Amino acid sequence: MNADPARPLDRIDRNILRALQADGRLTNVALAKQVNLSPTPCLERVRRLEREGFIRGYAARLDPMRLDAGLTVFVQVTLDRTTSDIFDQFRDAVTDVPGIAECHMVAGGFDYLLKVRAKDMDAFRRFLGDVLNGLPGVISTATYVAMETVKEGDAVPIPG
């Protein structure tokens, strides 16, 4: 995966990215039609965008309510010390924990911000006590329960 593309993105590349970001299940023929290309050059561009790392993968968006994960909680995590070894230990432990949808190291008054999904508050409280507080270096947490999801997703703004 190459972070620096051999050539800059043109209008067609950006349109391909927008279309696939909106619907990753588009067939190559439908995508080609949408971006005004014939199928073969369209497929070549998609493969190049994948190879160069612009497209990291494809996934289905699931309904958390239907999967008993309807409660969204944001958790601020403060570690007992800020050394590279404890950051590494925490990062390695967090990546394997189901229920943690996102983990971001942040600058400011705490070290990490987690997005956690749970069935309900009882399930989250068990998760907090049994899992989160047992992660390496955790000295304190602060919990914020989402009352309503106004906007959610991982769409990336595509310039131009």
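N36 counts as exposed in this predicted model, because its relative accessibility is 66% and the threshold for that class is over 50%. The residue is located in the loop that joins α2 (28–34) to α3 (39–51). Its backbone has a positive phi of about 60 degrees, although N36 is not a glycine. For context, a negative phi is found for most residues other than glycine.

A positive phi also occurs at D68, with a value of about 55 degrees; D68 is likewise not a glycine. This residue belongs to the loop between α3 and β1 (71–79).

The nonpolar packing was examined next. In the largest nonpolar core, which has 22 residues, the members that touch the most others are F124 and L132. Two or more residues of this core are contributed by each of β1, α4 (84–94), β3 (112–118) and α5 (121–130). The largest share is that of β1, with 5 residues.

The surroundings of L132 were listed with residues up to four places away in sequence left out. On that basis, L132 touches V75, I100, L114, V116, F124, F127 and V138.

Another core, of 12 residues, lies apart from the largest one. Its members include L20, L31, C42 and I55.

Key. Residues are numbered from 1 along each chain as its sequence is written. This is a predicted model: local features need pLDDT of at least 70, side-chain atom pairs count only at pLDDT 80 or more; totals for chains, interfaces and linings use all residues. Side-chain values use heavy atoms; hydrogens and water are left out. Helices (H or I, at least four residues) and strands (E, at least two) are DSSP runs, numbered from the N terminus. Buried means under 20% relative accessible area, exposed over 50%, partly exposed in between (1.4 Å probe, protein chains only). A nonpolar core is a set of buried Ala, Val, Leu, Ile, Met, Phe, Trp, Tyr and Cys residues joined through side-chain atoms within 4.5 Å. Contact means heavy atoms within 4.5 Å.
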